[in-house]
Amino acid sequence: MNKIVKKVFDNVMIDDEAKKSLLCNHNWIGCVIMQVKNRLPNENVEKHLINVCVNIANYSNNNYPYPGYYDIINSPNTIAINVATKYIDYVCSKRK
């Protein structure tokens, strides 16, 4: 799954330091995968992981009042898991 994450981050606009921080501190990937498997059973884990990565990249670029990449550099696992949880909450709310 690390290859998928790296490929997504190589193809979206994300700060280089934030990308490096996320790829070096990759505990969040396992948490996201488990969350998808538990909360969205029988769904394509890879597809959701890609969407989470895109959302993380968007967070990196657009978090007011300053770019979110500062948050990601300081606490990559926490931010990635928070973004993933919001994404999965949203997906679950649309499936009801």
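## Basis

This is a predicted model, in which local features need pLDDT of at least 70, side-chain atom pairs count only at pLDDT 80 or more, and totals for chains, interfaces and linings use all residues. Residues are numbered from 1 along each chain as its sequence is written, and side-chain values use heavy atoms, with hydrogens and water left out.

Helices are DSSP runs of H or I with at least four residues, numbered from the N terminus.

## Helix 3 against helix 6

Two packed helices are described by the angle between their axes and the distance between the axes. Helix 3 spans residues 27-39 and helix 6 spans residues 76-95. They pack at about 15°, and their axes lie 9 Å apart. Axes are lines fitted to C-alpha atoms over the stretch in contact, and angles run from 0 to 180 degrees between N-to-C directions. Helix 3 and helix 6 are therefore roughly parallel (under 35 degrees; over 145 is roughly antiparallel, 65 to 115 roughly perpendicular, and the rest oblique).

The crossing of helix 3 with helix 6 is right-handed (the near helix is turned clockwise from the far one by less than a right angle; anticlockwise is left-handed). Helix 3 contributes Asn27, Trp28, Cys31, Val32, Gln35, Val36 and Arg39 to the contact. Helix 6 contributes Asn77, Ala80, Ile81, Ala84, Thr85, Ile88, Asp89 and Cys92. Contact means heavy atoms within 4.5 Å. By class, this contact has nine nonpolar, four polar and two charged residues (nonpolar: Ala, Val, Leu, Ile, Met, Phe, Trp, Tyr, Cys and Pro; charged: Asp, Glu, Lys and Arg; polar: the others, Gly among them).

## Helix 3 against helix 4

Helix 4 covers residues 45-62. Helix 3 and helix 4 pack at about 125°, with axes 10 Å apart. The two are therefore oblique to each other. Their crossing is right-handed.

On helix 3, the contact residues are Trp28, Ile29, Val32, Ile33, Val36 and Lys37. On helix 4, they are Val45, His48, Leu49, Val52, Cys53 and Ile56. The contact divides into ten nonpolar residues, one polar and one charged.

Side chains of opposite charge can pair when their charged atoms come close. The structure holds four salt bridges (a side-chain nitrogen of Lys or Arg within 4 Å of a carboxyl oxygen of Asp or Glu). One of them joins arginine 39 to aspartate 89, with the closest N and O atoms 2.5 Å apart. Arginine 39 lies in helix 3 and aspartate 89 in helix 6, so the pair ties together parts 50 residues apart in sequence. Arginine 39 is partly exposed at 33% relative accessible area (buried is under 20%, exposed over 50%, partly exposed in between, with a 1.4 Å probe and protein chains only). Aspartate 89 is partly exposed too, at 36%.

Arginine 95 and glutamate 43 also meet in a salt bridge, 2.2 Å from N to O. Arginine 95 sits in helix 6, glutamate 43 in the loop between helix 3 and helix 4, and 52 residues separate them. Arginine 95 is partly exposed at 46%, and glutamate 43 is partly exposed at 27%.

Lysine 6 forms a salt bridge with aspartate 10, the closest N and O atoms being 3.2 Å apart. Both lie in helix 1 (residues 2-11), four residues apart, which means a separation of about one helical turn. Lysine 6 is partly exposed, at 42%. Aspartate 10 is partly exposed, at 40%. Through shared partners, salt bridges join Lys6, Asp10 and Lys19 into one network.
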